[in-house]
Amino acid sequence: MSFLPRLTATAVVAGLIAAGTTVTGPGAPAAAAPGADAVRFATFNASLNRGALGQLQSDLSTPDNAQARTIAEIVQRTRPEVIVLQEFDFDAEGRSVELFAENYLGRGQNGADPIDYPYSFTAPVNTGVPSGFDLNNDGSVGGGDDAWGFGLFPGQYGMVVYSMHPIATGDVRTFQGFRWADMPGALLPDDPATPEPADWYSEEELASLPLSSKSHWDVPVQVDGRTVHLLTSHPTPPTFDGPEDRNGRRNADEIRFWADYVSGLRGSAYIYDDQGRRGGLRAGSSFVIAGDQNADPLDGDSVPGAADQLLDHPRINPSRTPTSEGAVEASELQGGPNDEHVAPPAQDTADFAEPPGNIRVDYVLPSRDLRIRDSGVFWPTSDDPLSRLTGTFPFPSSDHRLVWVDLRV
């Protein structure tokens, strides 16, 4: 794993930018700056994954990559103080994390102010790591579908946390190696061609198969002397499988992991991290669960109730759902699967034109002791000058939208 405080050696070119700086330049600010007593947390599946090892680092080595500039401008327009990016390819030296901060976030994009994150965290993920097993049971071993998490090379679809506030690096917990079979009542997939239950994976496979398709991280952030645990992951999409629903079941249990983790000693006693420490989050701790969960509470292909494991959790505050007018407009214009959806389109966070259509999959969910002051989804309507940042397919940035929540910490 890589901890990257950049206060000296890699200070951003434009200098330190204070939290809450007013955005300037063409177009209205994407979101008003949070109040003096609020901290903005955000998640963004930025689609900065690439098709080959090292390609992202190469793309970020100059300040000229169009997609990276667009992603950076979205972050600059919304100005979160703590943000997790998904689908950001991992490299062991953390060079891509540094380059994105220096060449993109640290340079004003199209009139937006630069933004500085003195602290960051990244670590290895399971995507693209060869398992040595035939996990999809197609008769051959190899390729992305037989990796511990789908990916063409180790580290593809990784994650990174950027923060304006110090990260307690010595207290970070990662759960990359936690085995799926060690979760009590795990929704292990069943081979419908055999009479035995839950036998899609062999005992040998289950002895090593991790729960996390990428990883689960507990990243403690120090906000004005108070610790807020950023709990982040990126569960597998509940699709691209067969009647055994191995991805849908894994998705549901990846989401359940955080529900158990914040449930106190009884619900989390089975959990262990990559350093061997057991148990979940300490009772009374403040936390924010942030990430692309790949599950909508009412629509899409996920296991019924998968997202509700978090939304209905007694320790989680879901009181103010982030919304946007742009999502409503997109749903109306695109029609198709969107016309059959049950959930309010204003809550959508991803623009999936094909089935399942536009749905809510990206979440920022605080603990109940943190009061939500404001929230939103960066999805401008087509008459907003900033709609050029989200656009239509092929997207200039990502098929996901940045989701932010302002919290009184």
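Colleague: Let's start with P220: which strand is it in?

Modeller: This is a predicted model, where local features need pLDDT of at least 70, side-chain atom pairs count only at pLDDT 80 or more, and totals for chains, interfaces and linings use all residues. Residues are numbered from 1 along each chain as its sequence is written, and side-chain values use heavy atoms, with hydrogens and water left out. Helices (H or I, at least four residues) and strands (E, at least two) are DSSP runs numbered from the N terminus. P220 falls in the run covering residues 216-223, which is strand 7.

Colleague: Is P220 buried or exposed?

Modeller: Under 20% relative accessible area is buried, over 50% is exposed, and in between is partly exposed (1.4 Å probe, protein chains only). P220 has a relative accessible area of 2%, so it counts as buried.

Colleague: Which residues does P220 touch?

Modeller: A contact means heavy atoms within 4.5 Å. Setting aside residues up to four places away in sequence, P220 touches P166, I167, A168, D171, V172, T227, V228 and H229.

Colleague: And how far apart in space are P220 and V288?

Modeller: In sequence, P220 and V288 are 68 residues apart. Going C-alpha to C-alpha, the gap in space is 9.9 Å.

Colleague: Let's zoom out. What is the radius of gyration of the protein?

Modeller: The fold has eight helices and twelve strands. Its radius is taken over C-alpha atoms, and the globule rule is 2.2 Å times the number of residues to the power 0.38. For 409 residues that rule gives 22 Å, and the protein comes close to it, so it is as compact as a globular protein of that length, at 20 Å.

Colleague: What percentage of the residues is buried?

Modeller: For scale, the C-alpha trace spans about 65 × 50 × 45 Å along its principal axes. Of the 409 residues, the buried share is 58%.

Colleague: How far apart are the centres of the positive and negative side chains?

Modeller: Lys and Arg count as positive and Asp and Glu as negative, leaving out His and the chain ends. The place of a charge is NZ of Lys, CZ of Arg, CG of Asp or CD of Glu. With 29 positive and 57 negative side chains, the centres of the two sets are separated by 10 Å.

Colleague: I like rings. How many aromatic pairs are there?

Modeller: Rings of Phe, Tyr and Trp (its six-membered ring) pair if their centres lie within 6.5 Å; planes under 30 degrees apart are stacked, over 60 edge-to-face and the rest tilted. By that count, the number of aromatic pairs in the structure is 17.

Colleague: Take F100 and Y162: how many residues apart are they?

Modeller: Their rings make a tilted pair, 6.3 Å centre to centre with 45° between the planes. F100 is buried at 0% relative accessibility, and Y162 is buried at 0% too. The pair links distant parts of the chain, from helix 3 (residues 95-105) to strand 5 (residues 159-163), a separation of 62 residues.

Colleague: Which residues does L187 contact?

Modeller: L187 sits in the loop between strand 6 (173-174) and helix 4 (203-206). L187 counts as partly exposed, because its relative accessibility is 30%. Leaving out neighbours within four places in sequence, L187 is in contact with W180, R249, A252 and D253.

Colleague: Last one: what is the phi of E87?

Modeller: E87 lies in strand 3 (residues 82-88) and is buried, since its relative accessible area is 15%. E87 is not a glycine, yet its phi is positive, at about 55°.
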